[in-house]
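I opened the model today to look up a few helices, some ring pairs and the overall dimensions. My notes follow in the order in which I looked.

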Amino acid sequence: MADVVTEVDGRTLKLSNLDKVLYPSGFTKGEVIEYYHGIAPVMLPHLAGRTVTRIRFPNGTKAPSFFEKNVPAGAPPWLVRHTVDGSEGPVLYPIVDGVPALVYLANLAALELHTPQWHTDDPGTPTTLSPELPVDQLVIDLDPGAGVTMPLIATAALLIAGELGDAGLVAHVKTSGSKGLQLYAPLVPTPAGRVLEWVHGLADALVARHPDLFVTAIAKEARAGRILIDINQNLPGRTTVTAYSLRARDEPTVATPVTWDEVEAAAEGAPLSFTAPQVLARVAELGDLFAPLLDGRRGTLPDAAG
């Protein structure tokens, strides 16, 4: 198909190679763009004010990909930019503030969008990464080792949700869109270093109580048959796949917010994986299950975890 010039919310965009197959299942670039356009009403609030790291797959999920942090060369002037000063020096990230920006990135085959646990209300003022940087949510990423299947991951998520509840925090959960689950808890603005310390304490306590279930060691040989509690995604310079982002699998799976009833069913063996068309249908029926991260009660970390 020839390139298409279209207008999205008042912005002119040139869309290219819409028939190009990006997933082995046959899902095309045009369908990727259509998905991101359709999911925008619930996804954009989770992207608001957050710098976006992209993983681009110009020739599909089975071909080489690359991470991209800086604003792409040739980006339109209306794309919001935000400078982040960290260990790599200054990086000029994009911020997705509307449907045109989301469609623009999708047209670049930026299948995966990853964001940090902090946001900015002032894109024109640079952010400096430090342990004092306030974050507004914590994340506990459950990454299964070899041989671990969803029933065990779901059981682990239910256990951790209980631990968070005992600490006065409200846990919300999404699939990673890959093999794991990710738990979030909204927080009053809290220094990133404090959040990391608290999550580290919780992870250590879980490993001590359930050594056959959890590990915090990243080495793959230590993770066989166990679940890695990846605490480092709470570092201010790290990112987690954003709710409703596509993932680069054989099918266009999505990082999907789910209910705790669905997690309980998954612990009993029910499937817990969703593709782009399924997620659009879920949102039409259920709305944004991650809305409480935006407008729900924000918790305060207790003095110690575990």
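I began with what covers the buried residues of α3 (150-166), and found that the cover includes β9 (134-144), β11, α4 (192-209), β12 (214-215), β13 (227-230) and α6 (260-267). Helices and strands here are DSSP runs numbered from the N terminus, helices being H or I with at least four residues and strands being E with at least two; contact means heavy atoms within 4.5 Å; and buried means under 20% relative accessible area, exposed over 50% and partly exposed in between, with a 1.4 Å probe and protein chains only. I note that this is a predicted model, in which local features need pLDDT of at least 70 and side-chain atom pairs count only at pLDDT 80 or more, while totals for chains, interfaces and linings use all residues. Residues are numbered from 1 along each chain as its sequence is written, and side-chain values use heavy atoms, with hydrogens and water left out.

The buried residues of α3 are M150, I153, A154, A156, A157, I160, A161, E163 and L164. After α3 comes G168, with a positive phi near 85 degrees.

I then turned to α1 (residues 29-47), where the 19 residues would reach 27 Å in a straight helix, but the end C-alpha atoms are only 21 Å apart. Where does the kink in α1 lie? I found a kink of about 75 degrees at A40, shortly before the proline P41, the bend at a residue being the angle between axes fitted to the seven residues ending there and the seven starting there. Among the buried residues of α1 are Y35, Y36, I39, A40 and V42, and the elements that cover its buried residues include β2 (11-15), α2 (99-107), β7 (110-115), α7 (276-286) and α8 (292-295). G49, which follows α1, has a positive phi near 75 degrees.

Next I looked up the aromatic pairs, of which the structure holds four. Rings of Phe, Tyr and Trp (its six-membered ring) pair if their centres lie within 6.5 Å, and planes under 30 degrees apart count as stacked, over 60 as edge-to-face and the rest as tilted. The ring centres of Y23 and F27 are 5.8 Å apart with the planes at 80 degrees, so I record the pair as edge-to-face; both residues are buried. Y184 and F290 are also an edge-to-face pair, at 5.4 Å centre to centre and 75 degrees between the planes. That pair links distant parts of the chain, 106 residues apart, with Y184 in strand β11 (residues 181-191) and F290 in the loop between α7 and α8. Y184 is buried at a relative accessible area of 5%, and F290 is buried at 2%.

I also checked A109, which is placed in the loop between α2 and β7 and counts as buried at 4% relative accessibility. Leaving aside neighbours within four places in sequence, A109 is in contact with L22, I55, R56, F57 and P58.

Last, for the whole protein, I noted eight helices and 15 strands, and 52% of the 306 residues counting as buried.

Notes
Expected span 1.5 Å × (residues − 1).
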